[in-house]
Amino acid sequence: MTFNATVLTLYPEMFPGPLGVSLAGRALSEGKWSIDPVHIRDFAMDRHRTVDDTPAGGGAGMVLKVDILAAAIDHARASNPDAPVIAMTPRGKPISQERVRQLAEGPGVILLCGRFEGFDERIFEGRDVEEVSVGDIVLSGGECAALMVLDACIRLLPGVMGAPSSGTEESFEDGLLEYPHYTRPTEWEGRTIPEVLRSGDHAKIAAWRKQQAEDDTRSRRPDLWERHRDARVQPASGARRMKKDLGS
């Protein structure tokens, strides 16, 4: 099954962009995924191809019109009805590796890229659009964010990465940041590769990497560490509740 990406944008020339090179580019040429950049302005209904208007209630900037957005989404859904529609917006829920993996396992995705002050709010309920953010930053438009989401999905598609473990031993895959890496030379400016990594003892190396991942997550991303810790505790408490419900 080919992963089909449709990008609704005012700048279709930005795609595939960097996704046309390296692993994603090779996968694109091999037909493992496809991309269809669709110009939102093509769905404008006046001779000036107007896609935006002033904010209701006043204020700076312009807002993308709901009727134009709806027409673009309807067009995209006709070609890929099972693909989720995702709007790139800083007001959305932060994207997670878990959500990326879900998307990569599906038929594809329809990405809606905003510009100006964003979208008319009615589009989210009117067309069942998921709001997604790539971080607590503001971009000039949703195109760069869409490229990030697509890159994260494409690398997980079957046959895109070389080693099967490449997609699992990564930051966020198990709720932790990835452990640190080293390579030759063994010594550089007085800094040496940790001895355990040169020991050849695979059990000790695995234990060291696990500990490093936990320590780095705890110190660098306490929010991730709290979620990881809660996830480890939850199964045990859930099992106790089940045991109690069964009268044991």
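Which residues point one way from S6, and which the other way? Gly108, Ile110 and Leu112 point one way, while Val109, Leu111 and Cys113 point the other way. All are buried, where buried means under 20% relative accessible area, exposed over 50%, and partly exposed in between (1.4 Å probe, protein chains only). S6 is thus described as mostly covered, with six of its six residues buried.

The structure is a predicted model, in which local features need pLDDT of at least 70 and side-chain atom pairs count only at pLDDT 80 or more, whereas totals for chains, interfaces and linings use all residues. Residues are numbered from 1 along each chain as its sequence is written, and side-chain values use heavy atoms, with hydrogens and water left out.

The protein chain holds seven helices and nine strands. Helices (H or I, at least four residues) and strands (E, at least two) are DSSP runs, numbered from the N terminus. Of the 248 residues of the chain, 36% count as buried. Contact means heavy atoms within 4.5 Å. Among contacts between residues at least 6 apart in sequence, 73% join residues at least 24 apart.

Five strands form an open sheet in the order S2-S1-S6-S5-S7, with parallel pairing. Two strands pair if DSSP finds at least two bridges between them. S2 and strand S7 (130–133) are the edge strands, and each pairs on one side only. On average, neighbouring strands of this sheet are turned by 35 degrees against each other, direction ignored. Axes are lines fitted to C-alpha atoms, for helices over the stretch in contact, and angles run from 0 to 180 degrees between N-to-C directions.

S6 pairs with S1 in the parallel sense over five bridges. Leucine 8 stands opposite leucine 112 in S6. S5 and S6 also pair in the parallel sense, over four bridges. Here methionine 88 stands opposite cysteine 113 in S6. Five bridges join S5 to S7, again parallel. Isoleucine 86 has glutamate 130 in S7 as its bridge partner.

Helix H5 lies across S1, S2, S5 and S6, and runs at about 165 degrees to S6. The end C-alpha atoms of H5 (residues 143–154) are 16 Å apart, which agrees with the 16 Å that its 12 residues should span at 1.5 Å a residue. The expected span is 1.5 Å times one less than the number of residues. H5 is mostly covered, with nine of its 12 residues buried. Among them are Leu147, Val149, Leu150 and Ile154. The cover of these buried residues includes strand S1 (3–9), helix H1 (22–29), strand S2 (33–39), strand S5 (85–94), helix H3 (97–104) and strand S6 (108–113).

The largest nonpolar core has 30 residues. A nonpolar core is a set of buried Ala, Val, Leu, Ile, Met, Phe, Trp, Tyr and Cys residues joined through side-chain atoms within 4.5 Å. Phe3, Trp33, Met88, Leu111, Leu150 and Ile154 touch the most other members. S1, H1, S2, S5, H3, S6 and H5 each supply at least two residues of this core. The largest share, eight residues, comes from H5. Apart from this core lies another, of 23 residues, among them Leu10, Ile40, Leu112 and Ile123. Residues up to four places away in sequence aside, phenylalanine 3 touches residues including Trp33, Leu103, Val109, Leu150 and Cys153.

Helix H6 (residues 202–220) has 19 residues and reaches 26 Å from its first C-alpha to its last, close to the expected 27 Å. Its buried residues are Ile205, Trp208, Ala213, Glu214, Asp216 and Thr217. Histidine 228 lies in helix H7 (residues 222–245). Its relative accessibility is 13%, so histidine 228 counts as buried. Neighbours within four places in sequence aside, histidine 228 is in contact with Asp174, Gly175 and Leu176.

Most residues other than glycine have a negative phi, and most peptide bonds are trans. A cis peptide bond joins phenylalanine 15 and proline 16, with omega about 5 degrees. Proline 16 lies in the loop between S1 and H1. Another cis peptide bond joins arginine 184 and proline 185, with omega about 10 degrees. Aspartate 128 has a positive phi of about 50 degrees although it is not a glycine. Aspartate 128 is exposed, with a relative accessible area of 60%. Glutamate 189 has a positive phi near 50 degrees, and is exposed at 57% relative accessible area.
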